Amino acid sequence: MRTHLCGEVNEQLAGESVRLCGWVAARRDLGGLIFISLRDRAGILQVVVEPDSPAFSAAEGLRNEYCVRISGVVRMRPESQWNANMPTGKVELVADAVELLNASAPLPLMMSDEDGEEIRLKYRYLDLRRPRMQRNLRTRARMYRAIRDSLDDRGFIEFETPILTKATPEGARDYLVPCRVHAGHYFALPQSPQLFKQLLMMAGMDRYYQIARCFRDEDLRADRQPEFTQLDMEMSFVEESDVQGLAEAMVRDVFRDTLGVDLPDPFPRLTWRDAMERYGSDKPDLRIPMELVSIDEHVKHLEFKVFAGPANDAAARVAALRVPGGAELSRKQIDGYT
């Protein structure tokens with residue numbers, strides 16, 4: 001039905017006839033000209049329908065999210081009209097045929113970030129058409145491919161483990177699935193592939209990984225949800241440094257191949273004690289420049305026992321947060337930091 005994807009049309013195709021299929025992302029009728037932003041999973045292309053085109057009458061009836069097939073000739077836009085924000089911004093399609101494949105009812109949402117989460121989830125098939133969501137899905141797919149390529153190159157074997165299994169004692173409650181064949185018996189959904197990882201280790205599979213779906217019946221929190229995907233890796237005959245080095249290499253590969261970002265080699269490392277003394281957390285965010293500074297020497301002689309007491313205790317300390325430009329802070333700002 002089509003010869004190209006919308007996002008693939010570029011200057012090299014100027015002068016060629018193409019057929020495209022996609023959805024009307026936007027339509028502008030300027031009286032003598034109709035402009036259509038045609039969207040598919042690869043991107044958006046501007047389509048021009050001129051008044052003397054046989055496609056003009058069909059284009060007049062198009063509305064947002066109509067599914068169409070459009071054929072025409074690719075031409076360069078005038079240089080003053082190039083759109084640097086679009087990969088297809090230097091070209092446009094001059095339509096000679098517009099075929100309506102499926103009309104759309106009036107949309108229940110705006111198809112933008114202004115839509116609330118509840119209505120976006122209710123009409124998820126529309127929400128997933130948005131460029132941002134399509135970009136997220138493609139990024140996820142590239143990330144999975146990068147993980148597999150990196151681990152395969154390092155001698156890992158990918159396994160798949162069962163979803164319907166027996167209940168095993170872990171950190172949360174299991175989701176249970178009733179078994180029709182054996183009345184009164186239930187399968188449990190795995191919280192992680194732990195049981196099967198142990199079987200594979202005993203079977204001699206000394207390096208394996210799985211991108212595993214996990215299920216945990218627990219209350220929602222900031223870092224908890226009923227189901228999620230995790231990367232599970234197992235290695236035999238290794239030391240701590242081997243695990244750290246391999247994980248770092250894999251993360252570097254994933255960021256490079258997925259986002260085009262080069263991470264440092266090696267990663268900076270902190271001991272637990274350094275992290276706690278400098279940041280007060282064993283998982284500090286190193287993007288935050290402010291660190292805790294010990295001020296025992298400055299407060300140990302004070303009569304204020306709240307400071308002097310721990311400052312003179314070998315098992316305690318008094319630490320302050322050094323705020324850049326603190327001398328110029330107002331009382332309101334100081335209270336905010338407090």
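1. Start in a loop. Pro266 is found in the loop between α6 and α7, the latter covering residues 272–279. The model you are looking at is predicted. In it, a cis peptide bond joins Asp265 and Pro266. Omega there is about 0°.

2. Where is the place of Met111? Look in the loop between β5 (91–102) and α2 (117–122).

3. Next, a helix pair. Two packed helices are described by the angle between their axes and the distance between the axes. Here the pair is α4 (residues 131–153) and α6 (residues 240–259). They pack at an angle of about 140°. Their axes are 9 Å apart. Angles over 145 degrees count as roughly antiparallel, and 65 to 115 as roughly perpendicular. With an angle of about 140°, α4 and α6 are therefore oblique to each other. Their crossing is right-handed.

4. Which residues of α4 and α6 make the contact? From α4 come Thr139, Arg142, Met143, Ala146, Ile147, Ser150 and Leu151. From α6 come Leu246, Ala249, Met250, Asp253, Val254, Asp257, Thr258 and Leu259. By class, this contact of α4 with α6 has nine nonpolar residues, three polar and three charged.

5. Now the empty space. Rolling a probe the size of a water molecule over the atoms shows where empty space is left. The largest pocket has a volume of about 290 Å³. Its lining has 16 residues. Nearest its centre lie Ala42, Gly43, Ile44, Pro87 and Pro131.

6. Which elements give two or more residues to the lining of the largest pocket? They are β2 (34–40), β3 (43–49) and α4. The largest share comes from α4, with four residues. By class, the lining of the largest pocket divides into five nonpolar, five polar and six charged residues.

7. How many cavities of 30 Å³ or more does a search of the whole structure find? The search finds two. The largest cavity has a volume of about 90 Å³. It is lined by 15 residues. Closest to its centre are Thr165, Lys166, Thr168, Glu170 and Pro190. Helix α5 (residues 194–202) gives the most to this lining, with three residues. The lining of the largest cavity divides into seven nonpolar, five polar and three charged residues.

8. The second largest cavity holds about 40 Å³ of space. Thr161, Pro162, Ile163, Pro190, Ser192, Pro193, Gln210, Ala212 and Arg213 line this cavity. By class, its lining has five nonpolar, three polar and one charged residues.

Key. Residues numbered from 1 in each chain as written. Predicted model: local features only at pLDDT ≥ 70, side-chain atom pairs only at ≥ 80, totals over all residues. Heavy atoms only, no water. Axes fitted to C-alpha atoms, helices over the stretch in contact; angles between N-to-C directions. Parallel < 35°, antiparallel > 145°, perpendicular 65-115°, else oblique. Left-handed = near helix turned anticlockwise from the far one by under 90°. Contact = heavy atoms within 4.5 Å. Nonpolar A, V, L, I, M, F, W, Y, C, P; charged D, E, K, R; others polar. 1 Å grid on protein atoms, 1.4 Å probe; cavity = no way out; pocket = protein on both sides within 12 Å on 5 of 7 lines; lining within 4 Å. Points joined across faces, edges and corners; volume = space filled by probe spheres on them.
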